[in-house]
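Please keep the structure in view while reading.

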Protein chains: 2
Amino acid sequence: MSNFELMKSLAISTPSKIVLLVMDGLGGLPRPQDGKTELEAARTPNMDALAAEGVCGLTDPMAPGITPGSGPSHLALFGYDPVVYDIGRGVLEALGVGFDLQQNDLAARGNFCTVDDGGLVTDRRAGRIASEKSAEVCRKLAQIELEGAQLFVLPVKEHRFALVFRGEGLSDELTESDPQRTGLPAAPVRALSPAAQKAARVANEFVEKARSALQDVQPANMVLLRGFSRHPHPPTVEEIYKLKPAAIAAYPMYRGLAKLVGMDVLETGSTPEDEVATLVRRYADFDFFFLHIKPTDSAGEDGDFARKVAAIEAVDALLPRITALQPDVLIITGDHSTPAALKNHSWHPVPFLLHSPWCRTDAAIEFSERACLGGGLGRFRATDAMPLAMAHALKLEKYGA
Amino acid sequence: MSNFELMKSLAISTPSKIVLLVMDGLGGLPRPQDGKTELEAARTPNMDALAAEGVCGLTDPMAPGITPGSGPSHLALFGYDPVVYDIGRGVLEALGVGFDLQQNDLAARGNFCTVDDGGLVTDRRAGRIASEKSAEVCRKLAQIELEGAQLFVLPVKEHRFALVFRGEGLSDELTESDPQRTGLPAAPVRALSPAAQKAARVANEFVEKARSALQDVQPANMVLLRGFSRHPHPPTVEEIYKLKPAAIAAYPMYRGLAKLVGMDVLETGSTPEDEVATLVRRYADFDFFFLHIKPTDSAGEDGDFARKVAAIEAVDALLPRITALQPDVLIITGDHSTPAALKNHSWHPVPFLLHSPWCRTDAAIEFSERACLGGGLGRFRATDAMPLAMAHALKLEKYGA
């Protein structure tokens, strides 16, 4: 019996409510001057009070030493083994912009880039062109006609767009065209299996026609494709946990991810404050809320320790509005670590706080990596987060007699 | 290689002895006035001394968040993955009363219940009728004759009885007749596969004949059936670990469980004191003892914090008689948590203490949830308890060269 079968057989629908607050990239590394991580340096009286009443721990998003992308790390938090449910970036981008992905669709993530006269990539992100400009270029590309496939080109943000080919027999077993560094040309897309030859031909036809269509556009005069993938249709959160789930996320990819697992993706403003207001407004309508906070990760990726501290403190200041709702279970965690020191996602375990009337309180009296290390939940796989949330919300029946 | 194959290949028979003392439902939750759990509130000088000399930890009976029944949680402690060895309540009840279950037997757990004139259940436990009364009603039911199956009706305790149908082709793929709450009628037993149609017919024939036979009995005027199951014949403790195992348990279900895995179930009196006396008396005859203490769980199920504390203290007072035997390994743990605050089994990890000359002593100087959290065994699956016991008894050879 898989974990999901176990959950399906034990989960019951009750009025109790769960709020899963994910501060993207929450985990950090110590700064030299005082050895404090971003979370430890932040003034977080509200989180500390919850830690004192609740139970803490540390999660491994996948396994010790493994650094996850945002897709796998969120899937793990929702209980999906990210190795089993390997969802491509293309699918996530397409879902993130609200595209209705269908059975025969092959999705990819596109970047506008800049190439020189010899076709060598000089900027993989085309100077992060403005989103409005990008949308205009996407409209131009959408006019391309391909043999054997329909085409959708969907602006995402700045230099990024989603690409969908619709047609029979389009396998996703393809190499990527992004050379991953400047000074190289875009690579041709190659089929990794005989069944993917049609898809490779379609993708390369698109790239060549895009090159022609963009030759006079500056700086976005070429495209790079990554993350070819098809909709995996995993079981939904409702099927597995008998929850009525809502997602509150400003950033497209997380909206897409939530939609993929069957969450109702709520309309919301773009700041954490807007998101919390959405939670308050829609609190009566669902029993599970995934609330995604992006600025912590963005600051970490930019290597900006102070900005990450400020982003954490801003969330802390919003917490009283969430606790006033008195959710039966409130979890505060991250999807992975993004230490400012590394300017990147990392493999370090992620602080995890669970607050509920039914938790076995531990010695943690603040929310920090150090306090979580001695916490009552110990160190555990992120895929156990949902079973723990369900248990503390009294939404799981006993296994066996 | 499965865990059992590993154990089978490494286990050796030696004169060393292991005592596994299980206080049922040991783990608890803090009480409001001082934040202490039942185990923390209990005065346990002997356990504390063992904790100081030994090594502690916390087990997950199955997995984080999963609340086990008594069957699965004990199987896990004996090293059997409870998801693989899914043993039905009916089988456990029948074995628990000493019934010699055979290959063609289909067992179920029966409850006497009370129904009103319209056939709606008004009390699922028939007022927990006295065991003597229940035995008398069982004798009445045992006279029922069924087409295609022999019938055994075995009183267990109060309103509970075990039911065994013996005949060819009796599958256990059946739904239960217990509606799980009052105000509903008993449900018909339905076949979950075509192969179970005969079994469903036999079960429903029994229920209808029981209804007639009991119509003038008060308050036990109807039966509810649950846990249809057949003997699973798992590998025995002796086969896996090369142990000569004995079980000392007053309560029928635990006797049945021990018999199921091939333990020699010893005659014993019903109190923990009687059970320890049995251990002392039979100590020379076996090298593994499973000693089961029920009152801790009963008190937790009744929501009686103080009685659970007293039950733990009573076991502590008996410990010198056990340590005087100088077992090579003494483990004190629970099968799961039963916090008085929840009046039920729970998912919280379970305190675990291992005492042996060969343990790596940790900082724990008392036996409590909090001390175990920082203990040297860390947090581990209960299925690892037996390998740890075997190792500390020097009963496992090295793997590989």
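## Helices, strands and a chain contact

The model is predicted. Helix H5 of chain A covers residues 89–96 and helix H9 of chain A covers residues 252–260; their axes come within 7 Å. On the side of H5(A), the contact is made by Leu92(A), Glu93(A), Leu95(A) and Gly96(A). H9(A) contributes residues including Pro252(A), Met253(A), Leu257(A) and Leu260(A). By class, the residues of this contact of H5(A) with H9(A) divide into 6 nonpolar, 2 polar and 3 charged.

H10(A) passes H12(A) in a right-handed crossing. Residues of H10(A) in the contact include Val276(A) and Leu279(A), while those of H12(A) include Val315(A) and Leu318(A). The contact of H10(A) with H12(A) has 8 nonpolar, no polar and 2 charged residues.

The table sets out the values for the two pairs.

| Helix pair | Axes come within | Crossing angle |
|---|---|---|
| H5(A) and H9(A) | 7 Å | roughly 100 degrees |

Strand S7 (residues 222–229) of chain A is mostly covered, with 8 of its 8 residues buried. S7(A) pairs with strand S3 (residues 105–115) of chain A in the antiparallel sense, over 6 bridges. In this pairing, Asn111(A) stands opposite Leu224(A) of S7(A).

In chain B, an open sheet of 8 strands has mixed pairing and the order S9-S8-S10-S1-S11-S12-S2-S13. Strands S9 (264–265) and S13 (378–381) of chain B stand at the edges with a single partner strand each, so one side of each is left without a neighbour in the sheet. S9(B) pairs with strand S8 (residues 245–249) of chain B in the parallel sense over 2 bridges, and Ala247(B) has Val265(B) as its bridge partner in S9(B). Helix H9 (residues 252–260) of chain B lies across S8, S9 and S10 of chain B, running at about 170 degrees to S8(B).

Finally, the two chains touch. The contact takes 27 residues from chain B and 21 residues from chain A. Helix H4 (70–77) and helix H13 (369–373) of chain B each give two or more residues to the side that touches chain A. By class, that side of chain B has 13 nonpolar, 10 polar and 4 charged residues.

Key: Residues numbered from 1 in each chain as written. Chains lettered and ligands numbered in written order. Predicted model: local features only at pLDDT ≥ 70, side-chain atom pairs only at ≥ 80, totals over all residues. Left-handed = near helix turned anticlockwise from the far one by under 90°. Helix = DSSP H or I, 4+ residues; strand = E, 2+ residues; numbered from the N terminus. Contact = placed C-beta atoms within 7 Å. Nonpolar A, V, L, I, M, F, W, Y, C, P; charged D, E, K, R; others polar. Buried ≥ 20, exposed ≤ 12 C-beta atoms within 10 Å, placed from the backbone. Pairing = 2+ DSSP bridges. Axes fitted to C-alpha atoms, helices over the stretch in contact; angles between N-to-C directions.
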